Amino acid sequence: MPSSPKFFHARQPPSALRPTVLLIGFCLLFGLSGFIFGLVSLLHPSHQYKCLTSKSRSVKVIWETGSSSSSSSQNGLVLNVGDGNDNNKRKKVMGFVGIQTGFRSTGRRQSLRKTWMPSDAQGLQRVEEATGLAFRFVIGKTKEKQKMAELAKEVAEYDDFLLLDIEEEYSKLPYKTLAFFKAAYALFDADFYVKADDDIYLRPDRLSLLLAKERSHSQTYLGCMKKGPVFTDPKFKWYEPLSYLLGSEYFLHAYGPLYALSADVVASLVALRNNSFRMFSNEDVTIGVWMLAMNVNHENNQALCSPRCTSTSIAVWDIPKCSGLCNPETKLLELHQKDSCSKGPTLESDD
């Protein structure tokens, strides 16, 4: 009887199996570690770590006292930009909006981030791409370490600040405003530079349309203008000779909560030494006097100071009762719930 055929399976020697086993084990270990890391990241997200390709939006600006520096500087400005960009290259935008804020305005900033200025980087980026406007909160410094520490946490969380190396005091608002324009000009190549307060309701889309209009004047001072009352104010007795010669109706200056200066005007301000023009206690009056001295074109637009939301209002605040919204933290949220404010159609203004 013939014997049944036998099947022989070749067996690899132990020396040949060892590398294969080690490779499989390494792959399993690597995959398991990746799974655990991903699970931990989902369960315990951290805002302290950002994607390596993300770019910081917040910028700290300091004033250089020496004659030379290895940092990027312009007229004594040194920009600490931690975004990996070439510090000498200004970002091109149609308009840069600096929202003036302070250490006691945390609630206002939170309300703004819940309304017309998105709090997340992606949302703010979408607004900037849709309007051609860049937005940053502008704030100085204080000697109070606790306030500076709280600000540092807010900067790390929201990354939407322009930090100025100047004392944050109400009496120094004109100095802060000039510092803002100089810093903004160094950072952004814009057609307009806009100063805004943190207690107004703004429509970025409508502001964008206003700034985009063609103008015959390259030096433009754009705002909701007011006439003459400053000459009768006892605080401005030094104006009386000028008032007598020119007439009170001659002097126009924009209300402080929102106004814009064209690039040519800001370039002239940047070229000035800090002590070239006189500073006054009121920031809006200070800028207005400078604009008068520089003989720029005044463009009045009442949509920048509307007391209520309309189809043409660009900025809404409680004029003339308050310089801004009277109760901004609450009022901003209330206005945003109204379709006439947040979702109303944009119509061309006759102003």
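Trainee: Leaving aside neighbours within four places in sequence, which residues is E128 in contact with?
Mentor: Keep in mind that this is a predicted model. E128 has its place in helix α3, residues 121-131. Once neighbours within four places in sequence are set aside, the residues in contact with E128 are R57, K91, L133, A134, F135 and R136.

Trainee: Is E128 buried or exposed?
Mentor: The cut-off for buried is under 20% relative accessible area. E128 has a relative accessible area of 7%, so E128 is buried.

Trainee: What class does D165 fall into by its relative accessible area?
Mentor: D165 lies in strand β6. Its C-alpha atom is separated by 5.9 Å from that of G140, 25 residues apart along the chain. Buried means under 20% and exposed over 50%, with partly exposed in between. D165 has a relative accessible area of 28%, so the class is partly exposed.

Trainee: What kind of pair do the rings of F137 and F161 form?
Mentor: The structure holds nine aromatic pairs, and F137 with F161 is one of them. Planes under 30 degrees apart count as stacked, over 60 as edge-to-face and the rest as tilted. The ring centres of F137 and F161 are 5.7 Å apart and the planes stand at 40°, so the pair is tilted.

Trainee: How many residues apart in sequence are the parts that F137 and F161 tie together?
Mentor: F137 belongs to strand β5, residues 133-141, and F161 to strand β6, residues 161-167. F137 is buried at 0% relative accessibility, and F161 is buried with a relative accessible area of 0%. Because F137 and F161 lie in those two strands, the parts they tie together are apart in sequence by 24 residues.

Trainee: And the rings of Y221 and Y259, what kind of pair are they?
Mentor: Y221 is in strand β9, residues 220-227, and Y259 is in strand β10, 38 residues apart. Both Y221 and Y259 are buried. Their ring centres are 6.2 Å apart with the planes at 80°, so the pair is edge-to-face.

Trainee: Which residues do ring pairs link into a cluster with Y221 and Y259?
Mentor: A pair needs ring centres within 6.5 Å. Linked by such pairs into a cluster with Y221 and Y259 are F96, F180, F181 and F188.

Trainee: Over which ring does the charged end of R113 sit?
Mentor: There are charges over rings here, including the charged end of R90, which sits over the ring of Y185 at 4.5 Å from its centre. For R113 the charged end is 3.9 Å from the centre of the ring it sits over, that of Y158.

Trainee: How many of the lining residues of the second largest cavity are nonpolar?
Mentor: Val, Leu, Tyr and Ala are among the residue types that count as nonpolar. The lining has no polar and no charged residues, and the number of nonpolar ones is eight.

Methods
Residues numbered from 1 in each chain as written. Predicted model: local features only at pLDDT ≥ 70, side-chain atom pairs only at ≥ 80, totals over all residues. Heavy atoms only, no water. Phe/Tyr/Trp six-rings, centres within 6.5 Å; stacked < 30°, edge-to-face > 60°. Helix = DSSP H or I, 4+ residues; strand = E, 2+ residues; numbered from the N terminus. Buried < 20%, exposed > 50% of the residue type's maximum accessible area, 1.4 Å probe, protein only. Lys NZ or Arg CZ within 6 Å of the ring centre and 35° of its normal. Contact = heavy atoms within 4.5 Å.
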